[in-house]
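User: I would like to go through a structure together. Could you take my questions one at a time?

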Amino acid sequence: MSEVARTPAQIEAEIARRRQDLAATLDELAVRVHPVTIARDTKAKAVSALDRTVGQAYVAANRALTRVRSEFVTEDGSPRPERIVPAAVAAVVLVGVVAGLSARRRRR
């Protein structure tokens, strides 16, 4: 391949341009490895992961609540006594058992 002969001024200009490119690259690397930048990026990643986890937990809780609600309420919003009464009785029995065990433990 034949190279076009360059003048000393062109060579100096290319060297100056490459120095500027190198300086910009070094500045960028210095910013990336600076402890403040690393801490900020780590914090942003942690906040993002927390937001994602909280969002997923909210969706899961909302689905579970909707599922439970659908067991005790019809689609038109009226209560289902055939399911509410047994659940209420079970809750009262459970509270009674816990209260009885607690009272028994206090007597000892």
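User: Is Glu14 buried, partly exposed or exposed?
Analyst: This is a predicted model. In this model Glu14 is partly exposed, because its relative accessible area is 23%, and a residue counts as buried under 20%.

User: Which side chain does Glu14 meet in a salt bridge?
Analyst: Glu14 forms a salt bridge with Arg18, with a distance of 3.0 Å from N to O. Both residues belong to helix α1 and lie four residues apart, about one turn of the helix.

User: And Arg18, buried or exposed?
Analyst: Arg18 counts as exposed because its relative accessibility is 51%, and the class of exposed residues begins over 50%.

User: What about Asp21, which residue does it form a salt bridge with?
Analyst: Asp21 pairs with Arg17, and their closest N and O atoms are 3.5 Å apart. The two are separated by about one helical turn, because they are four residues apart in helix α1. Asp21 is partly exposed at 41% relative accessible area, and Arg17 is also partly exposed, at 42%.

User: How many salt bridges are there in the whole structure?
Analyst: A search of the whole structure finds five. One of them is between the side chains of Arg83 and Glu71, at 2.8 Å from N to O. This pair links distant parts of the chain, since Arg83 is in helix α3 and Glu71 is in helix α2, 12 residues apart. Arg83 is partly exposed at 35% relative accessibility, and Glu71 is partly exposed with a relative accessible area of 37%.

User: New topic. At what angle do helix α1 and helix α2 pack?
Analyst: Helix α1, residues 8–33, and helix α2, residues 35–72, pack at about 60 degrees, and their axes are 5 Å apart. The angle therefore makes α1 oblique to α2. Val31, Arg32 and Val33 of α1 make the contact with Pro35, Thr37 and Ile38 of α2.

User: Last one: which residues make the nonpolar surface patch?
Analyst: The patch is made by Val85, Val89, Val93, Val97 and Leu101, and its area is about 430 Å². Val89 is found in helix α3, which covers residues 81–107.

User: Why does Val89 count as partly exposed?
Analyst: Val89 has that label because its relative accessibility is 48%, and partly exposed residues lie between the buried limit of under 20% and the exposed limit of over 50%.

Definitions and conventions: Residues numbered from 1 in each chain as written. Predicted model: local features only at pLDDT ≥ 70, side-chain atom pairs only at ≥ 80, totals over all residues. Heavy atoms only, no water. Patch = residues over 30% accessible without salt bridge, like charges linked within 9 Å, V, L, I, M, F, W, Y side chains within 5 Å. Areas by Shrake-Rupley, 256 points an atom, 1.4 Å probe, with all protein chains shown as cover. Salt bridge = Lys/Arg side-chain N within 4 Å of Asp/Glu carboxyl O. Buried < 20%, exposed > 50% of the residue type's maximum accessible area, 1.4 Å probe, protein only. Axes fitted to C-alpha atoms, helices over the stretch in contact; angles between N-to-C directions. Parallel < 35°, antiparallel > 145°, perpendicular 65-115°, else oblique. Contact = heavy atoms within 4.5 Å.
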